[in-house]
Amino acid sequence: MIRTGHQLENALTLKSRLISLYEYLMNEQDGVTASKVKQLGEKLEKREFTIAFCGHFSAGKSTMINTVIGEKLLPSSPIPTSANLVRVKSGEEYAKVFFKKDQPRLYLAPYDYELVKNFCKDGDQIEEIEISHNNSSLPENAVIMDTPGIDSADDAHRIATESAIHLADLVFYVMDYNHVQAELNFLFTRELTQSGKDIYLVINQIDKHQEEELSFRDFKQSVKESFASWG
Ligand SMILES: Nc1nc2c(ncn2[C@@H]2O[C@H](COP(=O)(O)OP(=O)(O)O)[C@@H](O)[C@H]2O)c(=O)[nH]1
Ligand SMILES: [Mg+2]
């Protein structure tokens, strides 16, 4: 990649804006938003490009991410799990686990992959997991986020505002073929679109389509119309 003088200037301007914003928010005693701004600054520093996968439990997010990475790093299960936030990136091999109450723990390779996979499913005690993998097909500086499953309007709002979505450059919203027209999907998509996110809708588990029940053309048309009717 070639960085032009223009891009460099933009990054510097952005950095100084983030610093001013951070100072302003701290003065206003809004530590929560300030810490999000700080995370954005760190992301800018590392030149990270982040892709978030969001969606209902069992839509197939983790399976899809494993396919992209080229390895079964994340647990995928037919039983809906209250998973936590998992960040996957390429680099030296380690896993870092952030607990809700305890200090974070770092697992250096060779570590117990099954243990870390189980941590990924523990949404009660664990806040976030960072997995760095040296054999992934992810480009350097790219980060993939697997977000907790959405199961209610409250979840949709929480994931959109409280999780790490502010760090996402791109959002893939994954839906199961059989649940595309759920109200939750429209709510979440609208909330993210209104906050200015680039969001791509992914209809997964397309093998469930039965052409004799409904033609693919009609299916596609009705999905387009429904999303359009929600703006
Ligand atoms: N039929 C079908 N099943 C899938 C597909 N993708 C994933 N699954 C299954 O759906 C279940 C949930 O997948 P998972 O990746 O854990 O979903 P997540 O909760 O969104 O992360 C698992 O049993 C997967 O094997 C697909 O394209 N077609
Ligand atoms: Mg999952």
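The dialogue below sets values for this structure against the definitions behind them.

Tutor: This is a predicted model, in which local features need pLDDT of at least 70 and side-chain atom pairs count only at pLDDT 80 or more, while totals for chains, interfaces and linings use all residues. Residues are numbered from 1 along each chain as its sequence is written, and chains are lettered from A and ligands numbered from 1 in the order in which they are written.

Student: Where do the domain bounds come from, and which domains is the chain divided into?

Tutor: The bounds come from an automatic or database domain assignment, which gives domain 1 (1-46) and domain 2 (48-85 + 136-229). The C-alpha centres of domain 1 and domain 2 lie 28 Å apart.

Student: Why is Arg-47 called exposed, and why does Ser-58 count as partly exposed?

Tutor: A residue is buried if 20 or more other C-beta atoms, placed from the backbone, lie within 10 Å of its own, exposed if 12 or fewer do, and partly exposed in between. Arg-47 has 11 such atoms within 10 Å, so it is exposed, whereas Ser-58 has 19 C-beta neighbours inside 10 Å and therefore counts as partly exposed. Arg-47 is in the loop between helix 2 (31-46) and strand 1 (49-55), and Ser-58 is in the loop between strand 1 and helix 3.

Student: What makes the phi angles of these two residues worth a remark?

Tutor: Most residues other than glycine have a negative phi, and most peptide bonds are trans. Arg-47, although not a glycine, has a positive phi of about 55°, and Ser-58, also not a glycine, has a positive phi of about 65°. As for peptide bonds, the one from Ala-109 to Pro-110 is cis, with omega near -5°.

Student: What is meant by a nonpolar core, and which residues touch the most other members of the largest one?

Tutor: Such a core is a set of buried Ala, Val, Leu, Ile, Met, Phe, Trp, Tyr and Cys residues joined through C-beta atoms within 7 Å. The largest has 37 residues, of which Phe-53 and Ile-129 touch the most other members, and its largest share, 5 residues, comes from strand 7 (residues 170-176).

Student: How do you know which residues surround ligand 1?

Tutor: A residue is near a molecule if its C-beta atom, placed from the backbone, lies within 6 Å of it. For ligand 1 there are 16 surrounding residues, the closest being Gly-60, Lys-61, Ser-62, Thr-63 and Ser-76, and the largest share of this shell, 3 residues, comes from helix 3 (residues 61-69).

Definitions and conventions. Helix = DSSP H or I, 4+ residues; strand = E, 2+ residues; numbered from the N terminus.
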